[in-house]
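Keep the 3D view open as you read.

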Amino acid sequence: IEELEQIKADEVYIVDDIFLINKSRLSKLAAMIRERNIKKRYLVYARADFIAQNEDIIAEWAELGLSAVFIGLEAATNSELDSMNKESTVDYNFRAVEILRKYKVDTYGSLIPNPDYMPEDWERLWKFIKNTGLYYVNISPLTPMPGTEIWNDFKDHIIVPREAHGLWDLSHIVLPTKMPLKDYYRSLLRLYSRTILNL
């Protein structure tokens, strides 16, 4: 709260990937923000399941200036979410986006297409984007990083040397794809185009 009072900017990006996680802490912070009459707009990170299960917290923070939430939605099927150990569901994803829209909070959705995606998988992901009404998306091919839970599952299949730092940017595929590589990238770019050009 003291730090917020010192920030002159009207918009604050809270870089804590579990900011929206502890109800009692969030309620206490909200009370202190109101008490000190801090007027800001906030971009924060959150989990879809937390939002889906805590609409009251989103309503309270929307009144305080919550303007955008970055959510790792990741996938359009429960089996994909399970493979990523998300401990969440597609239903939670839909509900989270619905709640944020209800309180006029922008959703920045992160999606992770797998290397084994085929045309029907890309189409399913597009339908998910369309059905949720997502506009702000970050689509990052699955990138196993050293130290993560999935690194050991994929480390022997990496096709891009770790020294090629520019390609480990979460925008390039570093694993073998089921589709021809050019087709995979075309599908990725097409998905972005369909999303941002969808009036």
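## The largest pocket

The largest pocket has a lining of 23 residues, and E74, M84, I112, L142 and I150 are the ones nearest its centre. A pocket here is an open set of points on a 1 Å grid over the protein atoms alone, where a 1.4 Å probe fits, with protein on both sides within 12 Å along at least five of seven lines; lining residues have an atom within 4 Å of a point. Before going on, note that this is a predicted model, in which local features need pLDDT of at least 70 and side-chain atom pairs count only at pLDDT 80 or more, while totals for chains, interfaces and linings use all residues. Residues are numbered from 1 along each chain as its sequence is written, and side-chain values use heavy atoms, with hydrogens and water left out.

The space in the largest pocket comes to about 730 Å³, a volume being the space filled by probe spheres set on grid points that are joined across faces, edges and corners. By residue type, the lining of the largest pocket has 10 nonpolar, 8 polar and 5 charged residues. Ala, Val, Leu, Ile, Met, Phe, Trp, Tyr, Cys and Pro count as nonpolar, Asp, Glu, Lys and Arg as charged, and the others, Gly among them, as polar.

## Charged pairs

Side chains of opposite charge can pair when their charged atoms come close. How many salt bridges does the structure hold? There are 13 of them, where a salt bridge is a side-chain nitrogen of Lys or Arg within 4 Å of a carboxyl oxygen of Asp or Glu. Here are some, including their N to O distances.

| Pair | N to O distance |
|---|---|
| E60 and R34 | 3.1 Å |
| E55 and K102 | 2.6 Å |
| R186 and D183 | 3.1 Å |

E60 is buried, at 18% relative accessible area, whereas R34 is partly exposed, at 44%. Buried means under 20% relative accessible area, exposed over 50%, and partly exposed in between (1.4 Å probe, protein chains only).

The salt bridge of E55 and K102 also brings together distant parts of the chain, with E55 in helix 4 and K102 in helix 6 (residues 90–102), 47 residues apart. E55 is buried, at 19% relative accessibility, and K102 is exposed, at 54%. These two belong to a network of salt bridges that links E55, R95, E98 and K102.

R186 and D183 both sit in helix 9 (residues 181–196), 3 residues apart, or about one turn of the helix. R186 is exposed, at 52% relative accessibility, while D183 is partly exposed, at 29%.

## Two helices with two sides

Helix 7 (residues 119–132) has 14 residues, which at 1.5 Å a residue should span 20 Å, and this agrees with its end C-alpha atoms being 20 Å apart. The expected span is 1.5 Å times one less than the number of residues in the helix. Which residues of helix 7 are buried? They are D121, W122, L125, W126, F128, I129 and T132. Seen down the axis, these buried residues fall within an arc of 155 degrees, so they line one face of helix 7. The arc is that of the directions from the helix axis to the C-beta atoms. On the other side of helix 7, E120, K130 and N131 are exposed.

In helix 2, the buried residues include L26, L29, A30 and I33. They cover an arc of only 105 degrees around the axis, which puts them on the same side of helix 2. S24, K28 and E35 are exposed on the other side of helix 2.

Most residues other than glycine have a negative phi. N85 has a positive phi of about 55 degrees although it is not a glycine. N85 lies in the loop between helix 5 (78–83) and helix 6, and is partly exposed, at 41% relative accessibility. K104, also a residue other than glycine, has a positive phi near 60 degrees. K104 is in the loop between helix 6 and strand 4 (106–111), and is exposed, at 72% relative accessibility.

Technical notes:
Helix = DSSP H or I, 4+ residues; strand = E, 2+ residues; numbered from the N terminus.
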